[in-house]
Amino acid sequence: MTKISIASLALAGAMALTTVAPLQAAPAASCDRACLIAMMESYIDAIPTHDRAGQPIAAGARETVNGRVSPAQSDYFWKLVDGITYRQILADPSTGQVAMLGVATEAGGRGAYWLRLAVKNRQITEIEQVIGDRPAGGVPGLAAPNPYFEQILPEQSRSTRAQLIAIADSYFEGLQRHDGAGVQSALGCRRYENGNQTSLNPLGNTWACNVMSDYTYMDKIKERRFPIVDVERGIVVGAMVIEVSKPKASAAITGAVPGGPQSVVPLFSRPHDTLIQEVFKIADGKIQEINVIRQDMPYQWGSGW
């Protein structure tokens, strides 16, 4: 057997790094974090103008609204919405992707809004949107960006990119298995869904982020993606679809009508999919906070991605 010296291995490694490094740096060189954020800001600032003709959307860009390919639905949304009053922006130059968790307003109503853009050569090649209804006084918990998501972690509190994805996926796995034993969350982890605190909330949902006993009705956590990872800030953007075949919620009785009571069956009390866009803040190897945009859709609807 031919022996390979340590020096030879070191030289080969150095040559490989020399070859690969420019390729890894290319996305950042074409559009770094500041560039991605600026492109997102430009896009959402244009929404109230009801005209996106000036946005650098590439020919053939893939575009979804609530899990369906639909540029026409985007155009319709742009005609209705008069403001984006809340925005939390996350970016990853290594993937060329940037996302926003926000609030869209329409004639005084407010609704949750998720937007993800993929950028290549400073052109938008993917547009993914999750758009909620916009009732009067909607999503009151989404009032201002959380500065914690912007905080840069000290070196000793950071995890690698691969570790961050594995930690975030441990949460998805816990949901699917209905078992939080493997979920890597901190004792004080807090979760917010469309602005509502759904863990460690003294007014309700007092359980911790890794308590999964209430979610046994979830059949699958499918179509998992991790498009954005920020090692410096400990941020992971995860996307998934929750498939529910036997919901635990019952139909709502809305009141008497001629011939008897009328039963209105909300979507979440029927078999359905829930589109989930999830922002994790991870420090010291543990999930510290989760911010979620969710939207219920018909059964086996899928994410469109």
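## Salt bridges, disulfides and a sheet in a predicted model

The side chains of R158 and E155 meet in a salt bridge, with 3.5 Å from N to O, where a salt bridge is a side-chain nitrogen of Lys or Arg within 4 Å of a carboxyl oxygen of Asp or Glu. R158 is partly exposed, with a relative accessible area of 25%, whereas E155 is exposed, with a relative accessible area of 61%; here buried means under 20% relative accessible area, exposed means over 50%, and partly exposed lies in between, with a 1.4 Å probe and protein chains only.

This is a predicted model, in which local features need pLDDT of at least 70 and side-chain atom pairs count only at pLDDT 80 or more, while totals for chains, interfaces and linings use all residues. Residues are numbered from 1 along each chain as its sequence is written, and side-chain values use heavy atoms, with hydrogens and water left out.

By the salt-bridge rule the count comes to 24. One of these joins the side chains of R33 and E150, at 3.5 Å from N to O. R33 lies in helix 2 (residues 33-46) and E150 in the loop between strand 6 (123-131) and helix 4, so the pair ties together parts that are 117 residues apart in sequence. Helices (H or I, at least four residues) and strands (E, at least two) are DSSP runs, numbered from the N terminus. E150 is partly exposed, with a relative accessible area of 35%.

Another salt bridge is formed by R161 with D92, the closest N and O atoms being 2.7 Å apart. This pair also links distant parts of the chain, since R161 is in helix 4 and D92 in strand 3 (residues 83-92), 69 residues apart. Which of the two partners is buried? D92 is buried, with a relative accessible area of 2%, while R161 is partly exposed, with a relative accessible area of 30%.

The structure also holds two disulfides, a disulfide being a pair of cysteine sulfur atoms within 2.5 Å. They are set out below.

| Disulfide | Sulfur to sulfur | Torsion about the S-S bond |
|---|---|---|
| C31 and C35 | 1.9 Å | about -90 degrees |
| C189 and C209 | 2.2 Å | about -85 degrees |

The disulfide of C31 and C35 is left-handed, and both of its cysteines are buried. The disulfide of C189 and C209 is left-handed as well, and it links distant parts of the chain, with C189 in strand 7 and C209 in the loop between strand 8 and strand 9, 20 residues apart. Both C189 and C209 are buried.

M240 stands opposite I276 in strand 13.

Terms used. Two strands pair if DSSP finds at least two bridges between them.
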